[in-house]
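Student: Could we go through this structure together? I would like to discuss its packing and a few individual residues.

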Amino acid sequence: MVRVAFLLAFACLADALSVRHRSLPRLAPARRRAAAPLTMSSTERSNKSKLQTIVKDKIEEDTAVKEELNIDKLDEVFASFDATPLAAASLAQVHRATLKDGTEVVVKVQRDGLVEQFDVDCKNIRFLASVADRVDPENEGVSSNWRGIADTSEGVLYREIDFLVERDAAERFRRAFEEGAGNAKPLPWVKVPKTFDEYCTSRVLVMEYVPGTKINDVPALEKMDVDLPLMSQRLTTSYLEQLARHGFFHCDPHPGNVAVDEGCPGGRLIYYDFGMMESIEPDVKKGFVDLVYSLYKNCLLYTSPSPRD
């Protein structure tokens, strides 16, 4: 019961302190990643307050981009920059833009003051975790490690808001599919947008613009030249490649981060958002491969016709 009580306390604290929770009212009413468009039917905000939110966000994002890229005007780098977000979430907003050479890109801009807010929240969570370790030292012979859980979670959060880490992860992920990793072959039916290093900082990420249709939007996919059973197979294969061969996988594959286009016959998978990626230790990867192969052999054993048949 003590452990359950602390779990509930952690949940309540996380909800009260969460950056994601507090920053939601500041989102511009644009098309959101994995969220329905903001409409009057889903909010009581007046048209005036919504317009103020849009203007505020535009000013903040424009200023952040100029400060991070050390420029006075956006047209020093971009031929065009859409001030209205293409997508918005609690950590960042994404804007369409065009580079001077005509390349279409998206610009992911981190929200102002995010690191400072994380510092405060994580400090409070570490304090509660330390108290929990003192009050709940052991349960069924297993020592508690609330502080360890808090420290691990903190590390994941800070990596997610460092866009240079995300840039490196995106490039590693892209090369694994385009060039092959280990004994893996390149997969032309997987697309990972490339990054533009010279325009990336810890708070701004510039990537290739690769539009697609959400993988769970079946009616839209049916209207495209997409083979749905084949796409299901390709999605499964792409994850087996990540886990069993690349040893580096996407941790957040919700429909907002996986899309489909007609870039190759039957349909092409597109991955977005590389803030949450993880590597697999070689021994763990080998164990997973052995497990999959054992399942495969057992399936053959029980599905193959017997000699009597």
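**Helix packing and core**

Tutor: α6 and α8 are roughly perpendicular to each other. The model is a predicted one.

Student: At what angle do α6 and α8 pack, and how far apart are their axes?

Tutor: The angle is about 100 degrees, and the axes of α6 and α8 are 12 Å apart. Because angles of 65 to 115 degrees count as roughly perpendicular, the pair falls in that class.

Student: Which residues make the contact?

Tutor: From α6 there are Phe173, Ala176 and Phe177, and from α8 there are Ser238, Glu241, Gln242 and His246. By class, the contact of α6 with α8 comprises 3 nonpolar, 3 polar and 1 charged residues.

Student: What else is Phe173 in contact with, leaving aside neighbours within four places in sequence?

Tutor: With those neighbours set aside, Phe173 is in contact with Val192, Gln242, Phe248, His250, Tyr271, Phe274 and Met277. Phe173 is also among the residues with the most contacts inside the largest nonpolar core, together with Val190, Leu269, Tyr271 and Phe274.

Student: Changing topic: how do α4 and α5 pack?

Tutor: Helix α4 (residues 114–135) and helix α5 (residues 146–160) pack at an angle of about 165 degrees, and their axes are 8 Å apart. Angles over 145 degrees count as roughly antiparallel, so α4 and α5 are roughly antiparallel to each other.

Student: Is the crossing of α4 and α5 left-handed or right-handed?

Tutor: The crossing of α4 and α5 is right-handed. On the α4 side, the contact is made by Val115, Phe118, Asp119, Cys122, Ile125, Arg126, Ala129, Ser130, Ala132 and Asp133. On the α5 side, it is made by Trp146, Arg147, Ala150, Asp151, Glu154, Leu157 and Tyr158.

Student: How does that contact divide by class?

Tutor: The contact of α4 with α5 has 10 nonpolar, 1 polar and 6 charged residues.

Student: Now Ile270. Where is its place, and is it buried or exposed?

Tutor: Ile270 is in strand β12. Its relative accessibility is 0%, so Ile270 counts as buried.

Student: What is in contact with Ile270 from beyond four places in sequence?

Tutor: Ile270 is in contact with Lys191, Val210, Pro211, Gly212, Asn257, Val258, Ala259, Val260 and Asp261. Of these, Val210 is 60 residues from Ile270 in sequence, with 7.9 Å between their C-alpha atoms.

Student: I also wish to ask about backbone angles. What is phi of Asn70, and what is phi of Asp273?

Tutor: Asn70 has a phi near 55 degrees, a positive value in a residue other than glycine. Asp273 is not a glycine either, and its phi is positive at about 60 degrees.

Student: Buried or exposed, for Asn70 and for Asp273?

Tutor: Asn70 counts as exposed, at 71% relative accessibility. Asp273 has a relative accessible area of 14% and is buried.

Notes
Residues numbered from 1 in each chain as written. Predicted model: local features only at pLDDT ≥ 70, side-chain atom pairs only at ≥ 80, totals over all residues. Heavy atoms only, no water. Core = buried A, V, L, I, M, F, W, Y, C linked by side-chain atoms within 4.5 Å. Buried < 20%, exposed > 50% of the residue type's maximum accessible area, 1.4 Å probe, protein only. Contact = heavy atoms within 4.5 Å. Axes fitted to C-alpha atoms, helices over the stretch in contact; angles between N-to-C directions. Helix = DSSP H or I, 4+ residues; strand = E, 2+ residues; numbered from the N terminus. Parallel < 35°, antiparallel > 145°, perpendicular 65-115°, else oblique. Left-handed = near helix turned anticlockwise from the far one by under 90°. Nonpolar A, V, L, I, M, F, W, Y, C, P; charged D, E, K, R; others polar.
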